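Please open the structure in your viewer and keep the selection tool at hand.

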Amino acid sequence: MISTIGGSSWDSRRDTKNGTVNGNDGQINVATGTTADLRFSFIDSATGGSATLTDVEMAFFDLDFAGQEQLTLTSPGTTITRVDTVLDVSTAPGAVTVGGAAAVNVPNVTNSDTLTDEQEQAAVVFAFDGLSSFDLSFEAGGGVGSGRNFLFAGDFEFVGPTDEIPFPPAPIPLPAAGFLLIGGLGILAMARRRRTAK
């Protein structure tokens, strides 16, 4: 199940482009000049309730248009790309952003089961373990009035060798950081008093 996060809106250029294509791939259409903050939730087909999965992967394809198509993962997971990827991958505390590299325009993917070598180089896989959902932002750049299609699938493996990027830890909240700093200063002060007493 896919839903927006925290009451945010999702601006789609063409609603008919959202859903499944080729029988097994998912597709999300995002209007250019906008960002869609979405939550992918795993649902138990038998009960309809939330399901926590282990060792699950989700692949996204055809990220190009000179950086105008970007994905930002904000849930713990491993980012996997081809060693010879044409994607730009950047990390920040608590987030990984993947986007199309400049001057690269990859042929559109019509089926994730039949990717060319060039199309694989513009694909990314996010791997998760022990999660019931993950959060992903879709940014569609370019002039207003068009849309970008983000194609994804849950059953995909790279043919070529890959690189893995672990999820960068989120920053320590300020109150906790302040407590650690104060505690450290207290220990230093005690050690200084002990040396002075000698």
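This is a predicted model: local features need pLDDT of at least 70, side-chain atom pairs count only at pLDDT 80 or more; totals for chains, interfaces and linings use all residues.

How many helices and how many strands are there in the chain? The chain holds 2 helices and 13 strands.

**Stop 1: the whole chain**

Colour the chain by pLDDT. The average is 82, and 84% of the residues score at least 70. Now select residues 177–198, where the pLDDT is below 50. Beyond near neighbours in sequence, this stretch has 2 contacts in the model.

Among the contacts with a separation of 6 or more, 78% link residues 24 or more positions apart.

**Stop 2**

Select β1, residues 2–4, together with β4. These two strands pair in the antiparallel sense over 3 bridges. Serine 3 has arginine 39, in β4, as its bridge partner.

**Stop 3: the nonpolar cores**

Which residues have the most contacts inside the largest nonpolar core? They are Phe40, Phe60, Leu71, Phe126, Leu136 and Phe138, in a core of 29 residues. Several strands each supply at least two residues of this core, including β3, β5 (56–61), β6 (69–73) and β10 (124–128). The most comes from β11, which gives 4 residues. As a general background, nonpolar side chains tend to be buried together in soluble globular proteins.

Select leucine 136 and display its surroundings. Leaving aside neighbours within four places in sequence, leucine 136 is in contact with Ala36, Asp37, Leu38, Phe40, Phe60, Leu71, Thr72, Leu73 and Phe126. A second, separate core has 12 residues, among them Ala59, Phe61, Ile80 and Val125.

**Stop 4: valine 30**

Select valine 30, in strand β3 (residues 25–31). Is this residue buried or exposed? Valine 30 is buried, because its relative accessible area is 0%. Residues beyond four places away in sequence that valine 30 touches include Trp10, Asp11, Ala36, Phe138 and Phe150. Next, draw a distance from valine 30 to glutamate 69: the two lie 39 residues apart along the chain, and their C-alpha atoms are separated by 9.7 Å.

**Stop 5: phenylalanine 156**

Move to the loop between β12 and β13 (162–165), where phenylalanine 156 is placed. Phenylalanine 156 has 11% relative accessibility and therefore counts as buried. Not counting residues up to four places away in sequence, phenylalanine 156 touches Glu57, Ala59, Phe61, Ser112, Leu115, Glu120 and Val125. Serine 112 is 44 residues away along the chain, yet the C-alpha atoms of serine 112 and phenylalanine 156 are separated by 7.4 Å.

**Stop 6**

Select residues 87–92, which form β8, and residues 95–100, which form β9. The two strands run antiparallel and are joined by 6 bridges. Threonine 91 has valine 96, in β9, as its bridge partner. The hairpin has 2 residues between its strands, and glycine 94 takes a positive phi near 80°.

**Stop 7**

Most residues other than glycine have a negative phi.

Aspartate 55 lies in the loop between β4 and β5 and has a positive phi of about 55°. Aspartate 62 lies in the loop between β5 and β6 and has a positive phi of about 60°. Which is their exposure, buried or exposed? Aspartate 55 is exposed, because its relative accessible area is 64%. Aspartate 62, at 9% relative accessibility, counts as buried.

**Stop 8: the largest pocket**

The pocket has a volume of about 260 Å³. Finally, select β12, from which the largest share of the lining comes, with 4 residues.

Notes:
Residues are numbered from 1 along each chain as its sequence is written. Side-chain values use heavy atoms; hydrogens and water are left out. Buried means under 20% relative accessible area, exposed over 50%, partly exposed in between (1.4 Å probe, protein chains only). Contact means heavy atoms within 4.5 Å. pLDDT is the predictor's confidence in each residue, from 0 to 100. Two strands pair if DSSP finds at least two bridges between them. A nonpolar core is a set of buried Ala, Val, Leu, Ile, Met, Phe, Trp, Tyr and Cys residues joined through side-chain atoms within 4.5 Å. On a 1 Å grid over the protein atoms alone, a cavity is a set of points where a 1.4 Å probe fits but cannot get out, and a pocket is an open set with protein on both sides within 12 Å along at least five of seven lines; lining residues have an atom within 4 Å of a point. Grid points are joined across faces, edges and corners, and a volume is the space filled by probe spheres set on the points.
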